[in-house]
Amino acid sequence: MIGNVVSRRYAKALFAVGAAKGEAEQAKYGEQLVAIAASIEAAPEATAFFKNPAFSAEEKKAVLNQLVEKASVEPMVKNFCDLLADRGRVEMLSAIASDYKAMIDAVSGVITGELITVSELNEDRQSAIKAKLEAQAGKKLELSFGTDESILGGIVLKVGDKVMDASLKAQLQILKENIKRGE
């Protein structure tokens, strides 16, 4: 919980700087943060390094600067990463990047969601479902597709903080509860 508050504060600060510079810069900062966070997450030893309190802020800063140089980021993002290293918050970079992306999406009217089905959907079906959901929402939708055999049938749609569970598993659970209550 505390991590969420801290990551949102850092994301909000960088977002404010990006907003002052313009929408294009703001989006660029977000992409660069995601790239750096992904490179850290791709190497489990890097994640462990940044979480380890035995290493000093200067050592973490030196390693982070090497990652930043490889990613060739804007000076503002480099300074932001240096600040995170100085404050011992590098391990939160992924959460900060996620919060930053959520802020950009909110401003640009993009919503993210996930559609879970029992089996894999083909590309045409995915495109049709996405188009229909975008039309209903009236906004651009970034939709990821997943599978889960435990739902038995139907779909589970998660958009933002809302969940629509139209799975067979959920319907059977409701039926079970009704039978228990004698309805």
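A residue counts as buried when its relative accessible area is under 20%. Phe50 has 1% relative accessibility, so Phe50 is buried. This residue belongs to a predicted model. The chain in the model has eight helices and four strands. Of its 183 residues, 32% count as buried.

**Overall layout**

- From the N terminus, the elements run α-α-α-α-α-α-β-α-β-β-β-α.
- The radius of gyration of the chain is 21 Å, whereas a compact globule of 183 residues would have one near 16 Å.
- A box of roughly 65 × 40 × 30 Å, taken along the principal axes, holds the C-alpha atoms of the chain.
- Take the contacts in the chain with a separation of 6 or more: 66% of them join residues 24 or more positions apart.

**Surface and charge**

- The chain has an accessible surface of about 11,400 Å².
- Carbon and sulfur atoms account for 55% of that surface.
- The chain carries 24 positive and 26 negative charges.

**The nonpolar cores**

- Which residues have the most contacts inside the largest nonpolar core? They are Leu33, Ile36, Ile40, Leu64, Ile96 and Tyr100, in a core of 30 residues.
- Six helices each supply at least two residues of this core: H1 (2-21), H2 (23-42), H3 (44-51), H4 (57-71), H5 (75-87) and H6 (93-108).
- Helix H6 gives the largest share of this core, with six residues.
- Tyr100 touches Ala11, Leu14, Phe15, Gln26, Tyr29, Gly30 and Leu33, with residues up to four places away in sequence not counted.
- There is also a second, separate core of six residues. Among them are Ile129, Leu133, Leu143 and Leu157.

**Phe50 and Val63**

- Phe50 sits in helix H3.
- What does Phe50 touch, leaving aside its neighbours within four places in sequence? Its contacts are Ile40, Lys60, Val63, Leu64, Leu67, Val90 and Glu91.
- Val90 is 40 residues from Phe50 along the chain, yet their C-alpha atoms are separated by 6.3 Å.
- Val63 is found in helix H4.
- Is Val63 buried or partly exposed? Its relative accessible area is 30%, so Val63 is partly exposed.
- Val63 touches Phe49 as well as Phe50, not counting residues up to four places away in sequence.
- Val63 and Ala46 are 17 residues apart in sequence, and their C-alpha atoms are 8.9 Å apart in space.

- Asn65 is in helix H4.
- Asn65 has a relative accessible area of 18%, so it is buried.
- Leaving aside neighbours within four places in sequence, Asn65 is in contact with Lys78 and Asp82.
- Asp105 is in helix H6.
- With 10% relative accessibility, Asp105 also counts as buried.
- Asp105 is in contact with Val110, Thr112 and Glu142, again leaving aside neighbours within four places in sequence.

**Positive phi angles**

- Most residues other than glycine have a negative phi.
- Ser72 is not a glycine, yet its phi is positive, near 45°.
- Where is Ser72 placed? It is in the loop between H4 and H5.
- Ser72 has 56% relative accessibility, so it counts as exposed.
- Leu152 is not a glycine either, and its phi is positive at about 70°.
- Leu152 lies in the loop between strand E2 (140-147) and strand E3 (154-159).
- Is Leu152 buried or exposed? Leu152 is exposed, because its relative accessible area is 51% and the cut-off for exposed is over 50%.

Key:
Residues are numbered from 1 along each chain as its sequence is written. This is a predicted model: local features need pLDDT of at least 70, side-chain atom pairs count only at pLDDT 80 or more; totals for chains, interfaces and linings use all residues. Side-chain values use heavy atoms; hydrogens and water are left out. The radius of gyration is taken over C-alpha atoms; the globule rule is 2.2 Å times the number of residues to the power 0.38. Buried means under 20% relative accessible area, exposed over 50%, partly exposed in between (1.4 Å probe, protein chains only). Contact means heavy atoms within 4.5 Å. Accessible areas come from the Shrake-Rupley method with a 1.4 Å probe; for residues, only the protein chains shown count as cover. Lys and Arg count as positive and Asp and Glu as negative; His and the chain ends are not counted. The place of a charge is taken as NZ of Lys, CZ of Arg, CG of Asp or CD of Glu. A nonpolar core is a set of buried Ala, Val, Leu, Ile, Met, Phe, Trp, Tyr and Cys residues joined through side-chain atoms within 4.5 Å.
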